[in-house]
Each structure stands twice: as structure tokens, then as C-alpha cells.
Amino acid sequence: MSARFVLLSVLSCSVGCSWPADRPLDLQSPTLSVGTAAPAEGAAGVPTDVVIEVGFDGWPEAPVVGGAVRMTAGPQDVPVHVAVDLVGKRLRVTPARYREQPPRLLDPDTGYTVAVAPALRAIGGATLKQLFVLKFRTGLGPAGGSSARPAPGFALVWRDVVAEAACAGCHGAGSPLDLSSEGAAYTALRKSSVPGDSARSLLLRLLVGTPDAGGTPHAPLSDAQLALVRDWLDSGATP
Ligand code: HEC
């Protein structure tokens, strides 16, 4: 494909493509604010296997700097594992001891506090406006169910994202980024991937449109399609 054609497609896209109404174009803001959090502030009876989610109006930078997220039970520090979900613009916080063998849950009937400090940085340089604090109390046990994250293979990404969104319309055979077949697309997209770390993968940053990767979504993908790419990357970007 000639450079001129690519340029024309991009230009025509900028007037002809409609982005999903629920994903407004983000203007780069110098500060970052908390949008939603789960469990809710003051919640009681929270399952002991809860994953704490804190959502923002921008994309947290990965990896999250040490000490930006703290969890305490009374005077005691509870070590946490913090993951960035670029698709949901949120942090997923789990007690580090979930990863112990055998995994250990939060203590039942205990008050916990999660604090996110202004040290938290967003992609593009914004920092958290003010300290965010969330308090909740656990119930008597886990909710159960499977906490395992999905681990889709590339076949699904090919079918539901690359083929479905017609990426090859611009990235055809012979172009620098060949997305015209499943095999070629796998090789090409692995190059902009950090296997096991979707938040640091250029591919996902480009597709959601973080400020460092253009600032607008690269192709109009649905949240389900973006989540599929995220889960493929997080689970190791396997064939
Ligand atoms: C409207 C045309 C167009 C569509 C559709 C399109 N792209 Fe792109 N894409 C471009 C242009 C232009 C560039 C920048 C030049 C380049 O690197 O080829 C680019 C760059 C990229 C890059 C960065 C390449 C690099 O390493 O720098 C990736 C990855 C990418 N596109 C993936 C995709 C995926 C996946 C899809 C489908 C979901 C897609 N693109 C759909 C036009 C398009």
C-alpha cells in the first residue's frame, strides 16, 4: 500500500469514523481523579476474595510506583499486588497473599483501608489530585467462583478483532505491518507486545489511545474487543 493511500485513509477516517459515544476523546488533563471504586466506600460483608478496583479519568502508568497504593488492616500493612487495566482505566488491587501457595484470603470480619497516594502517575504525566481512601469491612467468607482471568489464544484475537475490524484494509500484505493473515498478524503484533503485561504493550496503548500513543483510539474497537486484546497480552500473547 502506498504511503499516500494510507494517509488518505487516515484523513477520511478522521471525518468519517464515529467513535463509541461512551468513550469520549480524552483531552490531556494535568491531574488525575478517581471515578469509581469497588467495593463501595463503607461497604460491609465484602467477600474475603474481593478484587479491589479503583477507576480514574485517565490511564494509570504501569508499573505503579511502589508505595502509591497501600492497604492496611488496623495498624498492620497488608502487602498488595497492583495491576493496571488500560481498558477499564483502573487499578486492580489484590492482597499479595492471594499468590501464596496455598493462596490466603483476607481475614473475615475485618476492617480494611486502601489508600491511593498522589504519587500515582498517569500516562502523559498527570498525577493524582488528592489522596484517595477507601474503607470496607469483610464478611465471613469468599464469594467463591473462579477468579482466574481469561487466557485467549491469538485465534480469537484474529477472528474477533483483526479480521472483524478489517485492520488489513490499511495494514495489507507487503505493508510494514502485515495484518492480512493470522500467521502474519501474530508475528507483526507480537512486536508491539509485552507478553504478560498489557499495560506496557504499545499495541494496547495504541488501540485505547493513551496520550503517548497518539491520544485517540487507533481503530474504533468495542470495549469487548479491547478486553480481548488485553487478556491475550496479559496471559502471555500466545499463538
Ligand atoms: C485507517 C487505516 C488504519 C486502520 C484501519 C488500522 N491502522 Fe494501524 N496504523 C495505521 C497507520 C497509518 C499507522 C502508522 C504507520 C505504520 O506504522 O504503518 C498504523 C500503525 C499501527 C501500529 C504500530 C506499528 C508500529 O510498530 O509502529 C499497530 C500495532 C497497528 N497500526 C495495529 C492496527 C490494528 C491491530 C488495527 C485493527 C484493529 C489497525 N492497526 C487498523 C493505519 C490504520
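A: Of the contacts in the protein chain with a separation of 6 or more, 66% are between residues 24 or more positions apart. Two residues are in contact if their C-beta atoms, placed from the backbone, lie within 7 Å. This is a predicted model, in which local features need pLDDT of at least 70 and side-chain atom pairs count only at pLDDT 80 or more, while totals for chains, interfaces and linings use all residues. Residues are numbered from 1 along each chain as its sequence is written.

The protein chain has 239 residues, and 29% of them are buried. A residue is buried if 20 or more other C-beta atoms lie within 10 Å of its own, exposed if 12 or fewer, and partly exposed in between, with C-beta atoms placed from the backbone. The secondary structure comes to five helices and 10 strands. Helices (H or I, at least four residues) and strands (E, at least two) are DSSP runs, numbered from the N terminus.

H5 packs against H2 at an angle of about 160°, and their axes are 10 Å apart. H2 is therefore roughly antiparallel to H5. Axes are lines fitted to C-alpha atoms, for helices over the stretch in contact, and angles run from 0 to 180 degrees between N-to-C directions. Angles under 35 degrees count as roughly parallel, over 145 as roughly antiparallel, 65 to 115 as roughly perpendicular and the rest as oblique. On the H2 side, the contact is made by Phe154, Leu156, Val157, Asp160 and Val161. On the H5 side, Gln225, Leu228, Val229 and Trp232 take part.

Now the sheets. Two strands pair if DSSP finds at least two bridges between them. Strand E3 (residues 52-56) and strand E7 (residues 90-95) run antiparallel and are joined by four bridges. Ile52 has Val93 in E7 as its bridge partner.

Another open sheet of four strands has the order E5-E4-E8-E10, again with antiparallel pairing. Strand E5 (76-77) and E10 stand at its edges, each with a single partner strand, so one side of each has no neighbour in the sheet. Six bridges pair E10 with strand E8 (residues 111-116) in the antiparallel sense. The bridge partner of Val116 is Phe132 in E10.

Lys135 also lies in E10 (residues 132-137). Lys135 is partly exposed because 14 other C-beta atoms are within 10 Å. Not counting residues up to four places away in sequence, Lys135 touches Glu41, Gly42, Gly111 and Thr113. Lys135 and Ala40 are 95 residues apart along the chain, and their C-alpha atoms are separated by 8.2 Å.
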